[in-house]
Amino acid sequence: MAFVGVLTFNPVTDTIISTDGKLLKFSDPSSNELSPLGYDPGQNTFWPPPADHATPFKPWEGKTLMDLPVLIKVRASVKFMWTGLLGVIIGNHNYSEGSFHEHTALEPHYLGGLAIIIHSFAHLHKPMKKWSMLTLTFANPEDHDKVLPSNKVDILGLELFAPSKNLTLIAKHGDGTMDEFPLTHSFNKGQIEWFKASSALLCHLP
């Protein structure tokens, strides 16, 4: 239609009149099935894994987690970061949403994270339990604002860790005062064993 103005024009069989008055018929489209230059393997971008890539995370030592720093505290778009130490992450709503929910477990774990304590988790947060991350929620949502990035925290009750049984967060402030917050969780018996073993995989190894 762009050439003759009607929809009935067939560019395979019909002709048109060119600007110099001659009949013009389009050639059949053609292309090379294979590149005339042959196969180009491109740049080799393979990066071999480190020799110690199979080193497992350390299992829980059976003791109360004490004096842990707040590695990250998130409220809206504000982040306070402290990496290189074992610690906790304090977050907001719907943690682990989106297509990268595996990374929300592994990356904090590799950075030293032991627990993620927030308002709510996305539905797809189960991989975090498989990698022994403590996924805990504030029993009282307003307690999120009372934990400061500068706090050191204890998580009490792990020695008696059981389904539907709350844990306790102790937030220690720089002036020597402390606040105590109840924490809920959704771990079942099997998932608690994953936490103790440092992963679901190691939990089932002989």
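# Close-up views of a predicted protein chain

**Figure 1. The whole chain, end to end.** The protein chain has four helices and 10 strands; here helices (H or I, at least four residues) and strands (E, at least two) are DSSP runs, numbered from the N terminus. This is a predicted model, so to speak: local features need pLDDT of at least 70, side-chain atom pairs count only at pLDDT 80 or more, and totals for chains, interfaces and linings use all residues. Residues are numbered from 1 along each chain as its sequence is written, and side-chain values use heavy atoms, with hydrogens and water left out. Starting at the N terminus, the elements come in the order β-β-β-β-β-α-β-α-β-β-β-β-α-α. Of the 206 residues, 33% are buried, where buried means under 20% relative accessible area, exposed over 50%, and partly exposed in between (1.4 Å probe, protein chains only). Among contacts (heavy atoms within 4.5 Å) with a separation of 6 or more, 53% are between residues 24 or more positions apart.

**Figure 2. How confident is the predictor?** The pLDDT, which is the predictor's confidence in each residue from 0 to 100, averages 80 over the protein chain, and 81% of the residues score at least 70. Residues 76–84 have a pLDDT below 50, and this stretch has 16 contacts in the model beyond near neighbours in sequence.

**Figure 3. The largest pocket.** About 580 Å³ of space lies in here. To find it, a 1 Å grid is laid over the protein atoms alone, and a pocket is an open set of points where a 1.4 Å probe fits, with protein on both sides within 12 Å along at least five of seven lines. Grid points are joined across faces, edges and corners, and the volume is the space filled by probe spheres set on the points. β3 (65–75), α1 (103–110) and β6 (113–118) each supply at least two lining residues, with β3 giving the most, three. By type, the lining splits into 13 nonpolar, six polar and three charged residues; Ala, Val, Leu, Ile, Met, Phe, Trp, Tyr, Cys and Pro count as nonpolar, Asp, Glu, Lys and Arg as charged, and the others, Gly among them, as polar.

**Figure 4. Lysine 129, a buried charged residue.** Look for lysine 129 in helix α2 (residues 126–130). Lysine 129 counts as buried because its relative accessible area is 5%. Its side chain makes a polar contact of 2.7 Å with that of serine 186 and another of 3.3 Å with that of glutamine 191. A polar contact is a pair of N or O atoms within 3.5 Å; within protein, one must be able to donate a hydrogen and the other to accept it, and residues adjacent in sequence count only if both atoms are side-chain atoms. Leaving out residues up to four places away in sequence, lysine 129 touches Thr135, Ser186, Phe187, Gln191 and Trp194.

Figure 5. Most residues other than glycine have a negative phi. Aspartate 67, in strand β3, is not a glycine, yet has a positive phi of about 55°. Serine 164 also has a positive phi, about 65°, and sits in the loop between β8 (152–156) and β9 (167–172). Aspartate 67 is partly exposed at 42%, while serine 164 is exposed at 72%.

Key
1 Å grid on protein atoms, 1.4 Å probe; cavity = no way out; pocket = protein on both sides within 12 Å on 5 of 7 lines; lining within 4 Å.
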